[in-house]
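Please look over the sequence and the structure shown here before reading on. The report below goes from the chain as a whole to its core, its surface and its charged pairs.

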Amino acid sequence: MSKPRRNVRALVRRWWPLAVAVPLGAAAGAGYALVSHPSYAANAYVIVVPQNQGEAATATNFAQAYGRLAGQPQVLAAAAAESGHSVATLSGLVRGTTSPDAPMIEITGTGARPAEAVKTADAVAKSLIAFGNASSKETGVRLVPLAQAAEPDRPATPSAQLDVAVGGAAGVLLGTLVMLTRRRRDEPAAEAAEAADAVEPAAPPRPRADTAAKQPEEQPARSAR
């Protein structure tokens with residue numbers, strides 16, 4: 001086998017798992033985006049205001065603390081009845097996000113419909129404000145609604161581009177693992193095949209010219225005897 005042909009076969013044998021896994025992963029991601037149910041997200045905003053001037057840093061610190069409490073049962077208990085979900089269900093539909101340099105809390109609510117996402121975000125924001133203002137004398141800050149949630153015009157998930165990219169990345173990972181496994185298993189056999197191809201068969205021995213010339217002369221001498 002010629003060396004170029006042997007190299008082509010080696011490349012095909014080595015890279016075919018990756019060439020197969022990446023398109024399959026991308027196709028799986030596209031299929032998931034087609035069959036999965038859409039989910040919408042809406043954002044409500046709450047701002048923390050200090051009661052004394054010059055305490056902006058204190059307000060920012062409390063905003064970060066209240067943002068972490070947005071998904072806790074003590075806040076969700078009051079919002080559960082208004083949103084129509086249980087506390088356990090509501091905890092998976094809402095999250096709070098804060099900024100390190102601004103006393104603002106973003107409440108994100110999700111739902112199967114835009115109106116449901118809006119209702120969830122506003123209910124949790126309202127409950128968080130009531131929870132925080134109940135202890136405003138001790139904390140020295142107040143929570144004030146900044147903006148109510150607006151209905152989203154498109155679902156947050158699924159995202160066809162994101163799902164295809166995730167599927168392709170999973171295909172790359174799977175194909176790479178298969179390649180590494182096959183490479184460890186096939187290396188000894190490939191080395192043996194290359195060594196066998198490198199060894200050329202030995203040429204058969206040729207008769208010496210002087211021996212071939214002497215054989216006809218010896219036969220008459222033996223006949224004379």
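## Contacts and overall layout

Two residues are in contact when heavy atoms of theirs lie within 4.5 Å. In this predicted model, residues 24 or more positions apart account for 77% of the contacts in the protein chain with a separation of 6 or more.

The protein chain holds eight helices and four strands, and, read from the N terminus on, its elements follow the order α-β-α-α-α-β-β-α-α-β-α-α. Of its 225 residues, 27% are buried, while the chain exposes about 15,000 Å², of which carbon and sulfur atoms supply 59%.

The predictor's confidence, given as pLDDT, has a mean of 78 for the protein chain, and 69% of the residues reach 70 or more. Over residues 221–225 the pLDDT stays under 50, and for these residues the model has zero contacts beyond four places in sequence. Where pLDDT is low, the predicted coordinates should not be read in detail.

## The nonpolar core

The largest nonpolar core is made of 27 residues, and those with the most contacts inside it are Val48, Ile105, Ile107, Val124, Leu128 and Leu143. Two or more core residues are given by each of strand 1 (40–50), helix 2 (56–69), helix 3 (73–83), strand 3 (102–111), helix 5 (114–133) and strand 4 (141–147). Helix 5 provides the largest share of this core, namely eight residues.

Which residues does Val48 contact, leaving aside its neighbours within four places in sequence? Val48 is in contact with Ala59, Phe62, Ala63, Pro103, Ile105, Val141, Arg142 and Leu143, and among these partners Ile105 and Leu143 are also listed with the residues that have the most contacts inside the core.

## A buried proline in a loop

Pro152 sits in the loop between strand 4 and helix 7. Is this residue, Pro152, buried or exposed? Pro152 counts as buried because its relative accessible area is 17%, which is under the 20% cut-off.

Not counting residues up to four places away in sequence, Pro152 touches Tyr40, Ala41, Ala42, Pro114 and Val118. The C-alpha atom of Pro152 is separated by 9.2 Å from that of Arg113, although the two residues are 39 residues apart along the chain.

## A nonpolar patch on the surface

On the surface, Leu173, Leu177 and Leu180 form a nonpolar patch, and together they have about 290 Å² of accessible area. One of them, Leu180, has its place in helix 7 (residues 160–198). With a relative accessible area of 42%, Leu180 is classed as partly exposed, because this value lies between the limits of 20% for buried and 50% for exposed.

## Charged pairs

Side chains of opposite charge can pair when their charged atoms come close. The count for this model comes to two salt bridges. In one of them the side chains of Glu116 and Arg113 meet, with 3.8 Å from N to O; Glu116 is buried, at a relative accessible area of 17%, whereas Arg113 is exposed, at 53%.

The other salt bridge joins Asp153 and Arg154, whose closest N and O atoms are 4.0 Å apart. Asp153 is exposed, with a relative accessible area of 70%, and Arg154 also counts as exposed, at 61% relative accessibility.

Terms used:
Residues are numbered from 1 along each chain as its sequence is written. This is a predicted model: local features need pLDDT of at least 70, side-chain atom pairs count only at pLDDT 80 or more; totals for chains, interfaces and linings use all residues. Side-chain values use heavy atoms; hydrogens and water are left out. A nonpolar core is a set of buried Ala, Val, Leu, Ile, Met, Phe, Trp, Tyr and Cys residues joined through side-chain atoms within 4.5 Å. Buried means under 20% relative accessible area, exposed over 50%, partly exposed in between (1.4 Å probe, protein chains only). Patches are made of residues with over 30% relative accessible area and no salt bridge: like charges are joined within 9 Å, nonpolar side chains (Val, Leu, Ile, Met, Phe, Trp, Tyr) within 5 Å. Accessible areas come from the Shrake-Rupley method with a 1.4 Å probe; for residues, only the protein chains shown count as cover. pLDDT is the predictor's confidence in each residue, from 0 to 100.
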